[in-house]
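Here's a quick briefing to read alongside the structure. Take a look at it first, then follow the points below.

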Amino acid sequence: MSSIQSKRQRGFTLVELLVVLAILGLLAGLVGPQVMGFLGSSKTKTTALQIENLSATLDMYRLELGRYPTTTEGLQALVERPPNLPNWNGPYLKKGDVPKDPWGFDYQYRSPGEHGPYDIWSLGADNREGGEGENADVTSWN
């Protein structure tokens, strides 16, 4: 008889499982939006850091070659030799490729820039100009 009682005591009742699921659902409902907000802001901060890194790399490129890459050459000039540049000593980016922004889109580049010798920017999560929050543009000039 003790073996029958021990088998009954090992499992959880349906009510206990439903209570645990309800608590997990409440926690997910309260914590989930906060976590998603932090993820969005961390992607924006990562984008700003990547733009700073690209800016420093462009300055090194300019020191060696006397000019920034043109808009046509783009950021790809940091990893592949543009034509007619004998002093090019790249690739200038460690991984050998131009990174994409945290949302998987290419960084925008213009030289000469409207806000300085060059402009670098990401269009945010929506890959469109403007926007708010995670969709906001991240630029090298702000």
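**A buried serine in a loop**

Ser-111 counts as buried because its relative accessibility is 12%; buried means under 20% relative accessible area, exposed over 50%, and partly exposed in between, with a 1.4 Å probe and protein chains only. Keep in mind that this is a predicted model, where local features need pLDDT of at least 70, side-chain atom pairs count only at pLDDT 80 or more, and totals for chains, interfaces and linings use all residues. Residues are numbered from 1 along each chain as its sequence is written, and side-chain values use heavy atoms, with hydrogens and water left out.

**Around Ser-111**
- You'll find Ser-111 in the loop between S1 and S2; strands (E, at least two residues) and helices (H or I, at least four) are DSSP runs numbered from the N terminus.
- Leaving aside neighbours within four places in sequence, Ser-111 is in contact (heavy atoms within 4.5 Å) with Tyr-68, Pro-69, Thr-70, Thr-71, Pro-117 and Tyr-118.

**The sheet**
- Three strands make an open, antiparallel sheet in the order S1-S2-S3; two strands pair if DSSP finds at least two bridges between them.
- Strand S1 (108-110) and strand S3 (138-139) each have a single partner strand, so one side of each has no neighbour in the sheet.
- S2 (residues 119-122) is joined to S3 by two bridges, and Trp-121 sits opposite Thr-139 in S3.

**A buried leucine in a helix**
- Leu-58 belongs to helix H2 (residues 14-65), and it's buried, because its relative accessibility is 0%.
- Not counting residues up to four places away in sequence, Leu-58 touches several residues, including Leu-75, Tyr-109 and Ile-120.
- Leu-58 and Leu-75 are 17 residues apart in sequence, and their C-alpha atoms are 8.5 Å apart in space.
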